Amino acid sequence: MASISIQGLTKTFGDGLIAVNNLDLEIEDGSFVVFVGPSGCGKSTTLRMIAGLESISQGTIEIGGRVVNKVAPKDRDIAMVFQNYALYPHLSVEDNMGFSLRMNKMPKDERHERVKEAAVMLGLENILNKKPGQLSGGQRQRVALGRAVVRKPAVFLFDEPLSNLDPDRRAATRAEIRRIQKELGTTTVYVTHDHEEAMALGDKIVIMNDGFLQQAGPAEEIYESPCNQFVGTFLGTPKMNIIPATLHTNDSTPSAEISVDGQPITIPLNPSQIPSDASDSATVSIGIRPHQVVPATDQADQVQIKGTIIDLEQLGFAIDVHIRFGEHTIMARISGQHKYTIGQEVHFSFDPSALHLFTK
């Protein structure tokens with residue numbers, strides 16, 4: 001097992017595209033770190049540089065205290081699991097799992113014990129004689145995982161390994177990967193575009209966009225305290241509501257002002273909610289998560305707004321209610337026991353302390 005230290009990591013392609021821009025990151029020994037972000041954000045390129053499959057333009061990568069910039073992939077003590085499984089169709093499950101061990105000339109008895117141990121861990125012991133073509137997608141992915149496990153590497157690298165699975169199997173395999181990582185304690189770097197998958201798996205999640213690191217930390221911490229609007233809207237389902245507002249900080253009580261059909265609505269704020277780079281009269285974005293928008297009550301500390309329902313999405317356990325008020329639209333996720341109709345006028349409210357303010 002090993003820690004990974006990334007300093008000033010940059011990747012520039014021949015056409016001048018900067019895929020990863022000056023990335024600094026520490027990955028602790030034994031941790032499970034998930035890189036997440038939209039397509040083209042640089043997460044897979046970063047993984048490939050850690051693996052040695054992509055050259056480094058600038059910066060350094062250390063694995064276990066050793067700089068590996070010029071070290072061949074086979075000598076980095078890593079094991080990688082890909083999206084497409086990459087199994088040999090003519091080999092049995094057992095031979096696929098033990099292939100790298102055979103290439104390293106491990107004795108047959110020891111190789112067999114390694115494969116058997118991994119097969120039991122992954123629930124594959126009854127299909128070791130089958131070929132990949134006889135397996136389901138979930139079984140093939142577990143074989144690919146087993147092939148990595150038997151090597152007992154210092155680092156596991158996963159490149160969107162669950163993308164080809166259906167939702168039920170994806171959830172089950174995700175739980176298996178998490179269980180195995182905890183059981184083995186192997187440092188793991190995992191890439192996905194699915195923020196729910198990232199939040200479910202990672203001890204730490206690393207959010208990237210346009211080649212830049214946006215924020216890194218525990219999922220709950222980032223969800224509750226996003227550093228900018230991109231992170232706030234990217235992490236969480238349904239997506240965070242964003243409303244433009246004007247910030248007022250010179251009054252005794254700071255506030256944000258929303259304009260609705262030319263009429264101001266004032267929202268009181270705590271000083272701790274105000275971004276450090278915001279000034280009086282600055283234009284800001286207010287973020288509020290849909291589950292924090294609720295039917296209006298008589299509580300004095302709630303902000304109440306009147307609007308019209310323009311769409312409804314029935315989820316059974318809840319209803320996603322799309323509400324237009326003035327020139328703005330907001331979505332509320334409300335308990336399924338409430339009944340609404342499109343075109344209905346409603347009063348909704350939210351707690352000002354739940355708001356996020358963004359300047360960028």
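In the predicted model, Val34 stands opposite Ile205 of strand β9. The two residues belong to a parallel pairing, in which β3 (residues 32-36) and β9 are joined over 4 bridges. On β9 (residues 204-209), antiparallel pairing with β10 extends over 5 bridges. Within this second pairing, Val206 has Ala216 of β10 as its bridge partner, and Asn209 is bridged to Phe212. The strands β9 and β10 form a hairpin with 2 residues between them, and Asp210 in the turn has a positive phi of about 55°.

These strands are part of an open sheet of 6 strands with mixed pairing, in the order β6-β7-β8-β3-β9-β10. Because β6 (78-81) and β10 (212-217) stand at the edges with a single partner strand each, one side of each is left without a neighbour in the sheet. On average, neighbouring strands of the sheet are turned by 15° against each other, direction ignored. Helix α5 (residues 137-149) lies across β6 and β7 (155-159) and runs at about 175° to β6.

Strand β9 is mostly covered, with 6 of its 6 residues buried. In a regular strand the side chains alternate between the two faces of the sheet. In β9, Lys204, Val206 and Met208 point one way, while Ile205, Ile207 and Asn209 point the other way.

Ile205 and Ile207 are also among the residues that touch the most other members of the largest nonpolar core, which holds 42 residues; Met97, Leu145 and Tyr190 complete this group. Leaving aside residues up to four places away in sequence, the contacts of Ile205 include Val34, Met199, Ala216, Ile222 and Leu235. Another core, of 31 residues, lies apart from the largest one and includes Leu269, Ala332, Ile334 and Leu357.

Definitions and conventions. Residues are numbered from 1 along each chain as its sequence is written. This is a predicted model: local features need pLDDT of at least 70, side-chain atom pairs count only at pLDDT 80 or more; totals for chains, interfaces and linings use all residues. Side-chain values use heavy atoms; hydrogens and water are left out. Two strands pair if DSSP finds at least two bridges between them. Axes are lines fitted to C-alpha atoms, for helices over the stretch in contact, and angles run from 0 to 180 degrees between N-to-C directions. Contact means heavy atoms within 4.5 Å. A nonpolar core is a set of buried Ala, Val, Leu, Ile, Met, Phe, Trp, Tyr and Cys residues joined through side-chain atoms within 4.5 Å. Buried means under 20% relative accessible area, exposed over 50%, partly exposed in between (1.4 Å probe, protein chains only).
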